[in-house]
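Let's take a walk through the aromatic rings of this one. Have a look at the sequence and the model first, and then we'll go pair by pair.

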Amino acid sequence: MAEVYKSLNPLKYYRDYYSHDIRPDGREFSDIRPTIINVGSIKTADGSAIVKIGKTCVTCGVKAELCQPKPSMPDQGFLVPNVELPPLCYSKFKSGPPSDQAQTLTQLLADIIENSKCVNLEDLCILSDKLCWCLYADLICINYDGSIVDACLIALIACLKSVTLPQIDYNPALEVKQVNLQIRRPLKVNFTPVAVTFAIFDELNIY
Amino acid sequence: MASSEFPQLKCELGVLSKSDGSAALAEGESVMLASVCGPIEVKLQKLLTDKTSVECCYRSKAAEGIQDRFRETILKNICETALMASLHPRSSILVNLQEMQNGGQLLSCAVNAACLACLNAGVDMKFTFAAVSCFLNKFEEFSFVPPINENEVKALFVLVFNSTTGSIIASHTEGSFTTEQFQHGLKLCREQSQFVFKFFKESVINFDKDIE
């Protein structure tokens, strides 16, 4: 019965619940949905995490590559997030090149990482102006059911905390790189930025 | 604590002859060109049956990047709130912005240029909107003028206000800061937004006089 009512008169459906200071799923206004984090589930990646907030599900994997630092910032490595919103996560998303929303999310995550300085990019430098790490953090949305920014940020940070980088023996004179996969050291994550999404319903209730 | 100096605003309305409304706005050293077309025919993909689809196109001076998409999203959200979208269903309003010169406060300049272009185009709006950029430098001082050295910026607040109720319709921040600093920046921006609205009014009145 409630389902029919919800589709016939969605506004009234929500207002009825909110007038009693409760959400349709029984939570209070300030409660977040049950959140699950699973770290290290992708064994082939250098770091990975899957996050579920309610039904929203985002998975993140980090791939580390060796590259040369930018001449303008010779002591810094790279951390490049990329968000994908594939058609499987929501019927409104189409396949093809990344949508505006995915690009906006990517930029937002890049800004958050940069502004919070949670990863010191100088830690990713192996030898100034010669060799550094480039971390590609790929986030894929599995199920799109609200609070996507929150889920993406948790997934990204959890994933970065699980990243281990192999030791590199680099001889600059001969330009020989030796990757020692046995010895791996964890990436230092200084801060944990957290995102919280709110909505205002009828100018009265914060949802 | 804050310097009262605000970057000088200069604008020219109706600079483009083939768009429905256009404006060139200089905010200090930043210059933006905005044009608004609409309501015009809509692409089938973006057709909305209950309201106008607002599309934003931001072009930066340098190569295109995802930063432009991010700015487009902000601008689109602002325009969708301010324009009377329900008046023209199954049509679209295009807001185009071209960066001419980057002086540090690009986003607020873009938002203000978009508002002037909308006014010039005569599209129906619920209210006008004005953006104010406020910089917090590393000496914890607030300023509306960007510091000469880019590395001195500790945080940047861009706040967009509604002209009728004065409520915030968009906020964008860069850098890290405390809640108190944000509140203070918000207060400064709100006061300053009144002058921006006054500037909009004068610009439109002067433009009308020029036509007569």
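Start in chain B, where B:F142 and B:F157 are both buried. Keep in mind that you're looking at a predicted model. These two Phe rings form an aromatic pair of the stacked kind, with 6.4 Å from centre to centre and 25° between the planes. Why stacked? Planes under 30 degrees apart count as stacked, and the angle here is 25°. B:F142 sits in strand 7 (residues 142-143) of chain B and B:F157 in strand 8 (residues 153-162), so the pair ties together parts that are 15 residues apart in sequence.

How many such aromatic pairs are there over all chains? The count comes to 16. Is A:F93 buried or exposed? Its relative accessible area is 11%, so A:F93 is buried, given that the cut-off is under 20%.

Chain A also has a group of rings to pick out: A:Y5, A:Y13, A:Y14, A:Y17, A:Y18, A:F29 and A:F201 form one aromatic cluster.

Now zoom out to the domains. The assignment for chain A gives domain 1 (1-31) and domain 2 (34-195), and the C-alpha centres of these two domains lie 37 Å apart.

Definitions and conventions: Residues are numbered from 1 along each chain as its sequence is written. Chains are lettered from A and ligands numbered from 1 in the order in which they are written. This is a predicted model: local features need pLDDT of at least 70, side-chain atom pairs count only at pLDDT 80 or more; totals for chains, interfaces and linings use all residues. Side-chain values use heavy atoms; hydrogens and water are left out. Rings of Phe, Tyr and Trp (its six-membered ring) pair if their centres lie within 6.5 Å; planes under 30 degrees apart count as stacked, over 60 as edge-to-face and the rest as tilted. Buried means under 20% relative accessible area, exposed over 50%, partly exposed in between (1.4 Å probe, protein chains only). Helices (H or I, at least four residues) and strands (E, at least two) are DSSP runs, numbered from the N terminus. Domain bounds come from an automatic or database domain assignment.
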